[in-house]
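Please find below some notes on the model under discussion.

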Amino acid sequence: MAHKIAVINMKGGVGKSTLCVNLAWHYAAMKRWAKNVLLIDLDPQFNASQYLLGVTRYESDIFKKNRPTVWDIFEQAARTPGLRSSGRNLSSAVFPAINFVNGKRIDLIPSQLELSYTLKNPSSKEHLLANFISEIEDQYDLIIIDCAPTESVLTTAAYMCADEILIPVKPEFLSTIGLPLIQQSIQEFDRLYRKKVGVAGVCFNHSSDYAPEASKAKAEVKAFAKTAGWHVFAEEVPFSRSFPKGAREGSPIFRTSYARSTVSSTVGDFCDALAVKIGL
């Protein structure tokens with residue numbers, strides 16, 4: 001069975017989607033790991049889908065071909081006025097995104113803006129994604145879930161799928177204050193659903209050595225993580241202007257044109273540390 005990890009923070013703008021795509025590329029393409037990876041875009045903004053496929057390919061292969069997305073998984077029985085009909089072949093929601101010469105691949109369950117409508121009628125939908133994944137997870141070594149930055153049925157669905165979560169934090173004040181909300185969210189889920197979701201750790205993402213704000217924010221995160229019993233990765237994902245460029249190119253950091261080798265190497269160090277931590 002695949003190892004399933006959800007990447008979550010209750011605040012947007014911390015680089016979750018960028019991190020998810022780079023993790024997927026690293027574990028599939030690198031000889032050390034060579035894994036079959038499924039990336040699930042669970043965010044209505046569908047940034048991970050556009051990053052992995054590129055905007056043009058998303059438009060041509062997903063949107064214009066009217067392929068099922070994660071929205072269809074949640075709305076299997078719905079007929080919502082103004083939206084395309086669900087009830088289609090859900091197996092087509094898994095899109096073959098990238099095949100590598102090593103025989104490994106990255107598949108994608110893409111998202112779409114209409115996923116936000118699921119939040120308006122969330123009743124009895126939180127289990128549907130986990131049910132779907134249970135039928136296909138034996139095809140993968142790793143499943144990565146890019147979560148929406150909000151507490152909703154989508155969060156519950158991610159917890160029901162995941163073995164553990166990864167919390168990326170941009171070391172600045174507004175990103176760090178969400179950590180107690182994540183702790184409360186996990187505890188509430190455990191109380192209601194009687195399922196334990198582990199925390200793989202906290203990752204400093206888009207990190208820099210800017211002082212004093214970054215240093216103070218990191219210290220606050222480490223202090224909270226200690227009280228929560230959460231691991232904080234020593235390896236950090238650095239700030240780099242090459243990440244937006246990579247998203248435009250549809251490339252991971254280690255294939256982005258003119259990206260510094262030191263940045264690629266540092267990102268790779270974090271990916272390797274996470275893999276070891278979760279027993280990949």
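1. T155 is buried, as its relative accessible area is 1% (buried means under 20% relative accessible area, exposed over 50% and partly exposed in between, with a 1.4 Å probe and protein chains only). This residue belongs to helix α7, residues 153–161; helices are DSSP runs of H or I with at least four residues, strands are runs of E with at least two, and both are numbered from the N terminus. Leaving aside residues up to four places away in sequence, T155 touches I8, M10, T150 and S185, where contact means heavy atoms within 4.5 Å.

2. The model is predicted: local features need pLDDT of at least 70, side-chain atom pairs count only at pLDDT 80 or more, and totals for chains, interfaces and linings use all residues. Residues are numbered from 1 along each chain as its sequence is written, and side-chain values use heavy atoms, with hydrogens and water left out.

3. Helices α7 and α9 pack with their axes 11 Å apart and at an angle of about 70 degrees. Axes are lines fitted to C-alpha atoms, for helices over the stretch in contact, and angles run from 0 to 180 degrees between N-to-C directions. The two helices are therefore roughly perpendicular to each other; angles under 35 degrees count as roughly parallel, over 145 as roughly antiparallel, 65 to 115 as roughly perpendicular, and the rest as oblique. The crossing of α7 and α9 is right-handed, a term used if the near helix is turned clockwise from the far one by less than a right angle. From α7, the contact is made by T155, T156, Y159 and M160, and from α9 by I182, S185, I186, F189 and Y193. By class, this contact has 6 nonpolar, 3 polar and no charged residues. Here Ala, Val, Leu, Ile, Met, Phe, Trp, Tyr, Cys and Pro count as nonpolar, Asp, Glu, Lys and Arg as charged, and the others, Gly among them, as polar.

4. How do α9 and α10 lie relative to each other? They are roughly parallel: the axes of α9 (residues 179–193) and α10 (residues 213–228) come within 11 Å and cross at roughly 20 degrees. This crossing is also right-handed. L179, P180 and Q183 of α9 meet V221, F224 and A228 of α10, giving 5 nonpolar, 1 polar and no charged residues.

5. In the largest nonpolar core, which has 48 residues, I133 and I165 touch the most other members. Such a core is a set of buried Ala, Val, Leu, Ile, Met, Phe, Trp, Tyr and Cys residues joined through side-chain atoms within 4.5 Å. Helix α7 gives the most to this core, with 6 residues. A second, separate core of 45 residues includes C20, I253, F270 and A273. In soluble globular proteins, nonpolar side chains tend to be buried together.

6. Two backbone values deserve a check. R194, which is not a glycine, has a positive phi of about 55 degrees. R194 is found in the loop between α9 and β7 (198–204) and is exposed, with a relative accessible area of 67%. H206 likewise has a positive phi, near 55 degrees, and is found in the loop between β7 and α10. Most residues other than glycine have a negative phi.

7. P68, in the loop between α3 (55–63) and α4 (70–74), is buried, with a relative accessible area of 7%. By contrast, L174 in helix α8 (residues 173–176) is exposed at 51%.
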